[in-house]
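Please open the model in your viewer and keep the selection panel at hand.

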Amino acid sequence: MSEPSTTPVPEAADASLEARAKALGSPIRWRILRLCLHEPRTNRELAALLDRNPATMLHHVRTLVDAGYLAPQEARRGTRGAREIPYLATRLTWTEDEQTSTSDVLVRTFLQEIEGLPADDVGIMRAGLRLSQDELEEYWRRTEEIVRDLMARREAEPDVERTSWGVFLAVHPDRQQDGPAAK
């Protein structure tokens with residue numbers, strides 16, 4: 001008898017891609033991933049932080065776990081002695097292209113995250129650049145290098161006290177400058 005194949009069938013691969021895309025189709029799920037990026041959090045903690053019903057939160061958490069974006073950690077006892085499972089983000093979104101295909105969700109997520117913050121707490125840089133396609137690709141590459149370098153430092157120097165920051169970077173064609181007459 002032959003060994004079963006471990007190669008995914010196309011339908012299964014498509015289903016996995018569809019499930020992952022669906023998992024990232026909600027701003028609340030992106031916010032959960034952000035909250036679980038640096039420290040594991042339980043369903044109850046996430047519900048409290050995001051002012052959501054724990055049952056609804058559990059649905060979102062399970063969706064992210066099933067898609068591979070959250071990983072359950074070792075169970076622990078909660079404040080009332082109940083067994084709770086904390087979850088940690090797997091950083092899968094950083095290695096995949098889902099971010100580019102969900103830009104509308106990422107914008108909504110960003111707006112939810114800054115809602116109610118004092119204007120002085122949100123640093124904004126806006127620039128208009130004229131770039132070739134190669135220069136634009138270099139811009140993204142160098143930006144990714146900065147983020148990867150900072151992530152590596154965090155791993156190499158775990159005892160350094162750090163504050164969590166949200167960073168949102170968007171690049172878009174400037175329709176005001178590059179209208180039909182400008183081409």
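How many aromatic pairs does the count come to? The count comes to two, where rings of Phe, Tyr and Trp (its six-membered ring) pair if their centres lie within 6.5 Å, and planes under 30 degrees apart count as stacked, over 60 as edge-to-face and the rest as tilted.

Select Phe-110 and Phe-168 to begin. Their rings are stacked, at 4.6 Å centre to centre with 20° between the planes. This pair links distant parts of the chain, 58 residues apart: Phe-110 lies in helix α7 (residues 103-114), and Phe-168 in the segment after α8 (133-156). Helices (H or I, at least four residues) and strands (E, at least two) are DSSP runs, numbered from the N terminus. Phe-110 is partly exposed at 24% relative accessibility, and Phe-168 is also partly exposed, at 33%; buried means under 20% relative accessible area, exposed over 50%, and partly exposed in between (1.4 Å probe, protein chains only).

A note on the model is in order here. This is a predicted model, in which local features need pLDDT of at least 70 and side-chain atom pairs count only at pLDDT 80 or more, while totals for chains, interfaces and linings use all residues. Residues are numbered from 1 along each chain as its sequence is written, and side-chain values use heavy atoms, with hydrogens and water left out.

Next, select Tyr-139 and Trp-140. Their ring centres are 6.1 Å apart and their planes stand at 75°, so the pair is edge-to-face. Tyr-139 is partly exposed, with a relative accessible area of 27%, and Trp-140 is partly exposed at 33%.

Now turn to the charged side chains. The whole structure contains ten salt bridges, each a side-chain nitrogen of Lys or Arg within 4 Å of a carboxyl oxygen of Asp or Glu.

Select Arg-44 and Glu-84, which form a salt bridge at 2.7 Å, N to O.

Arg-76 belongs to strand β3 (residues 76-77), 31 residues from Glu-45.

Finally, return to helix α7 and select Asp-104 and Arg-108. Their salt bridge has its closest N and O atoms 3.7 Å apart. Because the two residues are four apart in helix α7, about one helical turn separates them.
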